Structures are given as C-alpha cells and as structure tokens.
Amino acid sequence: GVGWVGWGRVQQNKQMVTRRLASMRRQAGFLVLLTAGAIWALSVPLSAGFRAAFCTPYKFHSRVLRSRSGLGGAASAVLNDAKQATEPSCEDNRKGGCSQLAVRIDDVWYDLTRWRDRHPGGEHFIDYYSGRDATEVMHAFHSAKARGKMLLRMPKLSAEDAAVREAAVAPVSQVTRSFRALREKLERDGWWERDLWHEAKLLGILFGLYALGLSLAHLPGWAACLAILPLALANTQAGWLAHDYVHGVDEFSDNMRWLGPVVAGLSPVWWSDKHN
C-alpha cells in the first residue's frame with residue numbers, strides 16, 4: 001500500500017512538473033511575441049513624423065540604398081565611369097557651394113536643384129552626383145514606378161547648359177552602354193517582375209517549419225529537443241526572406257518589411273543603416 005501511495009505521488013509530481021514546463025513555454029512564447037512586436041514598433045514606425053524624428057537611417061538608407069533584384073549589384077561595376085567627372089561633387093549646395101545641381105540620366109541632363117530638399121534618400125547622396133552621370137544609380141535603386149514619375153517631372157537643362165555639362169564629364173564607355181542595353185533587355189523580358197506564387201511557396205515553407213517546431217516543442221521531456229532543427233531552419237529562412245525584402249524596391253517588398261522584425265527579430269532600420 002505504501003508503495004502504491006508513493007508511486008501515486010511520483011505521478012502527481014511528474015504531472016505538476018509537466019504542467020509547469022508547459023506554462024513556462026507559453027510564457028516564453030508570449031515574451032518572444034512581445035519582444036518581436038516591440039522591435040517592429042521601433043523599426044517600422046507607422047507615423048512618417050516619428051520616422052523623420054527618430055529613424056533618420058530609414059530615410060537615408062531604406063528607401064534609396066536598396067539593391068534592385070537582378071542586376072542591382074552588378075550596376076556598381078560600371079559606376080567608375082560616372083565617377084570620372086572633372087567637376088567636384090555638390091555636397092555643400094545648401095551653403096551656396098554650387099548654383100545648380102545638374103545630373104545626367106540616360107544621356108539627358110536634369111536640373112535637380114529644387115528636388116534636392118525633397119529627395120527621399122536625403123541630400124548627401126543626390127549632392128554626390130552633381131555634375132555626374134547617375135544612370136546606374138537611378139535604375140538600380142529606384143522602382144520602375146518611381147523612375148517613370150520622376151523622369152517626367154524633373155526639369156531638363158537647356159541645350160546650351162547641357163552641352164557645357166557634357167563637355168565637363170568623361171564620355172560613357174562602350175562597356176557601360178552594353179551593360180545598359182543588357183539591363184533594359186532583361187527588364188523588358190520580365191526578369192524584374194516578382195513571382196507571387198514563388199513568394200507564397202517560400203512563405204509557406206517558413207511558417208510550416210515554425211508550426212512543426214512549435215508542435216515538437218510541446219512534446220514531453222527530451223523529445224522537445226526535436227524542435228531545434230525546424231525552428232533553426234525557420235529562423236534562417238526568415239532571415240533570408242527579410243534580407244530580400246529589405247533590399248527590394250518594389251511595392252511587395254515595402255509591404256513585407258514587417259517580416260524581419262516580427263518573425264525573426266531583425267530590425268530593417270538597423271540592417272539598412274549598418275549594411276547599406
């Protein structure tokens with residue numbers, strides 16, 4: 001009888017420990033969600049005013065310095081031609097360092113003097129290309145929609161002023177022109193268009209791994225350790241997807257920027273500031 005009583009107490013203690021472990025897991029999960037929500041609130045603020053006041057790196061990096069999918073990274077290979085300008089960059093335009101901020105895009109000279117203060121990427125980066133060719137930067141770091149709007153709205157230099165500017169910069173090399181032709185062809189062929197079905201498959205893998213890991217984590221005893229592998233794979237998948245969405249310039253990427261902070265605890269503001 002004493003043995004049966006002792007065995008019953010052991011079972012009761014085991015059940016109590018199991019309940020406490022389950023409660024601790026739920027509390028840990030709640031803390032993870034709370035932390036992720038706090039990171040999201042700080043890194044992807046809903047208010048533009050809050051962004052301007054507290055998240056300056058977002059303004060300077062996230063919107064402009066995000067590589068375009070496809071040949072975005074390769075564009076940097078031909079930027080040397082754009083840097084061979086004989087005129088110094090206009091980095092002190094606000095203080096009167098230059099009277100006109102002129103930039104060449106696709107062999108056309110534009111006057112960006114009035115656009116300078118309204119540039120979403122900040123003043124420093126647009127000042128750097130004063131008197132220089134910014135074709136690769138324009139195409140690599142701006143969406144097709146943004147490029148279409150801006151090129152139509154930006155004022156062009158007169159023929160006389162454009163001729164003076166053209167004579168002051170290095171001519172575009174044949175390598176650069178070949179690269180531009182390749183980029184235009186790939187864009188026409190649809191290589192820059194996002195495959196939503198493929199994105200759905202990637203997101204399905206991500207959340208499937210998380211669901212499997214959380215289910216295994218509720219197994220009793222050491223069996224819960226089986227959750228380590230799927231959760232690790234899910235975190236890796238979330239990190240790479242967040243990486244792609246931070247670098248993307250299309251509307252889909254903008255709408256998916258929450259994925260990094262909410263799912264993986266990765267701040268897009270920190271990433272853009274440090275990495276870009």
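## Charged and nonpolar surface patches

On the surface, Arg114, Arg118, Lys145, Lys149 and Arg153 gather in a patch of positive charge, where a patch is made of residues with over 30% relative accessible area and no salt bridge, like charges being joined within 9 Å and nonpolar side chains (Val, Leu, Ile, Met, Phe, Trp, Tyr) within 5 Å. Lys149, one of these residues, lies in helix H7 (residues 144–153). The model is a predicted one, in which local features need pLDDT of at least 70 and side-chain atom pairs count only at pLDDT 80 or more, while totals for chains, interfaces and linings use all residues. Residues are numbered from 1 along each chain as its sequence is written, and side-chain values use heavy atoms, with hydrogens and water left out.

Val17, Leu21 and Met24 make a nonpolar surface patch of about 270 Å², with accessible areas taken from the Shrake-Rupley method with a 1.4 Å probe. Met24 is found in helix H1 (residues 2–43) and is exposed, with a relative accessible area of 52%; exposed means over 50%, buried under 20%, and partly exposed in between.

## The sheet and its loop

An open sheet with mixed pairing is formed by 3 strands in the order S2-S1-S3, two strands being paired if DSSP finds at least two bridges between them. S2 and strand S3 (132–133) stand at the edges, each with a single partner strand, so one side of each is left without a neighbour in the sheet. S1 and S3 pair in the parallel sense over 2 bridges. Helices (H or I, at least four residues) and strands (E, at least two) are DSSP runs.

Most residues other than glycine have a negative phi. In the loop between strand S1 (102–105) and strand S2 (108–111), however, Asp106 has a positive phi of about 50°, and Asp107, in the loop between S1 and S2, has a positive phi of about 70°.

## Salt bridges

A salt bridge is a side-chain nitrogen of Lys or Arg within 4 Å of a carboxyl oxygen of Asp or Glu, and by this rule the count comes to 13. Asp133 and Arg104 meet in one of them (2.8 Å, N to O); Asp133 lies in strand S3 and Arg104 in strand S1, so the pair ties together parts that are 29 residues apart in sequence. Asp133 is buried at 4% relative accessible area, and Arg104 is buried at 2%.

Arg180 and Glu136 also meet in a salt bridge (2.8 Å, N to O), with Arg180 in helix H9 (residues 174–188) and Glu136 in helix H6 (residues 135–140). Arg104, Asp133, Glu136, Glu166, Arg180, Arg183 and Glu184 are linked in a network of salt bridges.

Key:
Lys, Arg positive; Asp, Glu negative; His and termini not counted. Charge placed at Lys NZ, Arg CZ, Asp CG, Glu CD. Buried < 20%, exposed > 50% of the residue type's maximum accessible area, 1.4 Å probe, protein only.
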